[in-house]
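This report looks at how two protein chains are built and how they meet. Please keep the sequence and the model at hand while reading.

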Amino acid sequence: MIELSNVAFGYAEGPVINNLNLQLEKGSFTAITGGNGAGKTTMVKLISGLLKPTSGCVRLCGTDTRELKAKNRAKLCGFLFQNPDRQICKTSVYDEIGFSLSCIGIAGGEADKIIRETAEMLELDTKSEPFSLSKGERQKVALASVLAANPEILILDEPTTGLDYRECMRIMKIVADLNNSGTTVIMVSHDMEIVADFAKRVIVFEGGKIILDGDCRSVLTDERLRCISSVLPPQAAVLGQKLGGRFSGLFTTEEIISDCILQSQCRMHNA
Amino acid sequence: MKGLLEYCRGNSFLHSCNPLIKIAAAFIMCVGCFMCSSLIYVLCVIGITLIAGYSAGVGGKVLKIFTSLLKLGFILLLLQIFFISEGHVLISLPFGIRVTAEGLHFCVLLALRIAGATLPLALMLMVTKMSDISGALVKKLHVPYKYAFAITTALRFIPVFADEMNGIIEAQTARGVEFDTKNPIKKISLMLPLCVPLLVSSVKRIEDSSTSALLRGFSLRTYKSGVKTYPFHLRDAALLSVAAVTSACGLLIGILI
């Protein structure tokens, strides 16, 4: 689905990514995490085709991103930026979602149907003015305009930054549903609780290199995580490691609570 | 123009001069370009500025600005050259359009003057910190801080907004907007909707900056505030002399020819 072969990229200040090789499967949910300036955003921009690698190649569904036109790229790969205000450029939610569709050549009745369906899915009022909404609502408008194009790949760059828990969960629930229906999701995040709750695979980035890569449980409970990266594992994983024994492999709060409940029920039963 | 008007660290002769002297020297050089209609003189001013830029370690950036200004000058040249019909005819075109020697001289001079007058100011901004410009204006000239701050903030925001615009273009490209079209009219029509997010982010940023400044006692500042002093040295006199002599030459040549 997504293949990066010997990818290198740098800005005027110097190289950011060197000789990166990565493959992401269709329908996967991958979280990319790491310290500030580790190259996470650069990597997802390379995947989306917004940046072109200086050497190597990035393939989306077998096509080199250099060969994809913006319109085709948007159909294939949606990108939700950390700051929704950079995406929003229309004065109503309806026009905002419609703008994305017009960019990929969908107009008229079909566009109208998609706009209404997308707005309904995200519980958005099509008549409201995007800039007068809260940050969470604006993020949802930006997400709606990305989802309207029905991309096969969805890239989220720190989608929950600055959002309260409720807004955060609402957005992540939508993303999880999309992933369950087959959309490939790549999410850059510093929020390890969110990563633990939703991602299936975790890639830890430092200095433009992958230092840890694997399924969520193995990476987040790996004791090396804190030593070799700027990432703090989720609280539940830290607690699990401290408690040791049967708790050592647990990495979400829900897992620890479930385990404790189960254990107390067993004790009560034995008593 | 991203990064071109930003301050570049250094400890060159120009970096160490007094900010006020640098402003004065840049303005004197600019005025010099308009006092003389000799192409060679204007080219000399551009040459001096480029040499000064290279001596301060920002020659590459000054050269980049020069080439951008030349492109702008070339557009102006094309817009004007066909409307000046006085003088010796060099090329005759259909519909009575003529290119004359005087017209060509005027247009080339205009294009070079734009470059010659802008480059010293751009160089001054690259070798002087914004805080030093406002500090020197307040300390030495007793300009009210709010005005000095407004001037320097306006300049400081140019690269910030350029950066923001790049981010917006990137976000819109991700949605499928084809900015790499070669049709300039189509490109303008694609860029116009981007004014909305840029305006919104600019207003928010300015609001945040003003609140932050007020909270840090912006309104309490007087010309006595501030730690830095801006004394004048011999090197400042040298810089001012070079600028003054260059402009005086321009004035002299202007009178003689």
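**Chain B**

The model is predicted. Chain B holds 10 helices and 2 strands. From one end of its sequence to the other, the elements of chain B come in the order α-α-α-α-β-β-α-α-α-α-α-α. Along the principal axes, a box of roughly 65 × 55 × 30 Å takes in the C-alpha atoms of chain B.

**The sheet in chain A**

In chain A, an open sheet is made of 6 strands. Their order across the sheet is β6-β7-β8-β3-β9-β10, and the pairing is mixed. At the edges lie β6 (77–80) and β10 (209–215) of chain A, each of which pairs on one side only. From one strand to the next, the twist averages 15°.

One pairing can be followed down to residues. Strand β7 (residues 153–157) of chain A runs parallel to strand β8 (residues 184–188) of chain A, and 5 bridges join the two. I153(A) has T184(A), in β8(A), as its bridge partner.

**The interface between chain B and chain A**

The size of an interface is often given as the accessible area lost when the parts come together. For chain B and chain A, the area buried between them is about 1,800 Å², with 56% of it on carbon and sulfur atoms. Within chain B, the residues that lose the most area to chain A are E170(B), A174(B) and R175(B), which together account for 36% of what that side buries. In terms of contacts, 18 residues of chain B touch 25 residues of chain A.

R175(B) also takes part in a salt bridge: its side chain meets that of E96(A), at 2.7 Å from N to O. The count of salt bridges between the two chains is 4. Across the interface of chain B and chain A, 9 residue pairs are in polar contact, with both residues at pLDDT 80 or more.

Which elements of chain B give two or more residues to the side that touches chain A? They are α7 (145–174) and α9 (195–215) of chain B. The largest share, 9 residues, comes from α7(B). The table sorts the side of chain B that touches chain A by residue class.

| Class on the side of chain B that touches chain A | Count |
|---|---|
| Nonpolar | 8 residues |
| Polar | 4 residues |

Conventions: Residues are numbered from 1 along each chain as its sequence is written. Chains are lettered from A and ligands numbered from 1 in the order in which they are written. This is a predicted model: local features need pLDDT of at least 70, side-chain atom pairs count only at pLDDT 80 or more; totals for chains, interfaces and linings use all residues. Side-chain values use heavy atoms; hydrogens and water are left out. Two strands pair if DSSP finds at least two bridges between them. Helices (H or I, at least four residues) and strands (E, at least two) are DSSP runs, numbered from the N terminus. Axes are lines fitted to C-alpha atoms, for helices over the stretch in contact, and angles run from 0 to 180 degrees between N-to-C directions. Contact means heavy atoms within 4.5 Å. Buried area is the accessible area (1.4 Å probe) that two parts lose on being put together, summed over both. A polar contact is a pair of N or O atoms within 3.5 Å; within protein, one must be able to donate a hydrogen and the other to accept it, and residues adjacent in sequence count only if both atoms are side-chain atoms. Ala, Val, Leu, Ile, Met, Phe, Trp, Tyr, Cys and Pro count as nonpolar, Asp, Glu, Lys and Arg as charged, and the others, Gly among them, as polar.
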